[in-house]
Amino acid sequence: CLHYILRSILPQYFLNEELEKIPVTDIDSEIERIISEEYECLKGDDGKLLIKPDKIGKIGEYIFHLLLTKYFGYKCIIPKFRITTDRNMSAFGIDTLFYDDVNSELLFGESKFSKTLNNGVELVNRSLKEYEQNIREEYLLVLSNDNLKLNDTFIDEYQNTIELCATFEEFIKESNINTIVIPIFIAHGGGNKNKIEEILNHLEKIKRKDMLGINTKYLIISLPVIDKDKFIEIAIRMVVNKSNEYKNK
């Protein structure tokens, strides 16, 4: 399964993305500790923490994408690893955008790849604080964007409604969607140490609430990894090899 996932990673979206320094604001000492532990960080001239995104998050997002499509059978509205909705949201923004055509539900997903499950849960909770606003921006920047090629099933069902609605709140009122789903994926180290009961106890700390005044369901996925650093090393090596295969064809 891991071999299939790593071979499926698209090198052009993984290797060639320009690295940026993203300012991180409004954090307490515990979140700063976690971010410093998980990412390559430095301090700006104004004293704000800057993170230099690496490729680890992309691996987590792509595994998440494959789980939602191949295992759960959700329809991908647009692959989020191909676009960036907002440069300032790329560290803590929405990572996946899917559609359940059976239950008429929208899915706004969050992915983390952390050294520990506790770190992952803390980072997820930070992201969820801004999620209502992120969903609103996702509607404006992606769902109502005529320049993006969205899933045909979704467009056939909702294009007319989208054209009439200026906000996500208007959209959910005019459409048949009365539930949103927030899938949360945390790949984390310590896979040879965590017991199932301990994992479940950590996941219970994820703060759930209804978003935008409508019913909100949470789909929470934990992927324990025995050695995160080794996992990343193998993943990057396989992606580089695949990229070289493409170049040599």
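Modeller: Please do, bearing in mind that the model is predicted. We may begin with Thr-161, which lies in helix α7, residues 152-164.

Colleague: Why is Thr-161 called buried?

Modeller: The relative accessible area of Thr-161 is 17%, and buried means under 20%; Thr-161 is therefore buried. Phe-154, Tyr-158 and Ile-162 of α7 are buried as well.

Colleague: What covers the buried residues of α7?

Modeller: The cover includes β5 (96-100), β6 (105-114), α6 (131-143) and α8 (168-174). Thr-161 itself is in contact with Phe-171, Glu-174 and Ser-175, leaving aside its neighbours within four places in sequence.

Colleague: How do you know that there is a kink in α7, and where is it centred?

Modeller: The bend is the angle between axes fitted to the seven residues ending at a residue and the seven starting there. In α7 the kink is about 60° and is centred on Tyr-158. The helix has 13 residues and reaches 19 Å from its first C-alpha to its last, close to the 18 Å expected.

Colleague: What makes β4 and β8 edge strands?

Modeller: The open sheet has five strands in the order β4-β5-β6-β7-β8, with mixed pairing. β4 (75-76) and β8 (215-224) each have a single partner strand, so one side of each is left without a neighbour in the sheet.

Colleague: How do you know that β5 and β6 pair?

Modeller: Pairing requires at least two bridges, and β5 and β6 have five, in the antiparallel sense; the two strands therefore pair. Asp-100 stands opposite Glu-105 in β6.

Conventions: Residues are numbered from 1 along each chain as its sequence is written. This is a predicted model: local features need pLDDT of at least 70, side-chain atom pairs count only at pLDDT 80 or more; totals for chains, interfaces and linings use all residues. Side-chain values use heavy atoms; hydrogens and water are left out. Helices (H or I, at least four residues) and strands (E, at least two) are DSSP runs, numbered from the N terminus. Buried means under 20% relative accessible area, exposed over 50%, partly exposed in between (1.4 Å probe, protein chains only). Contact means heavy atoms within 4.5 Å. The expected span of a helix is 1.5 Å times one less than its number of residues.
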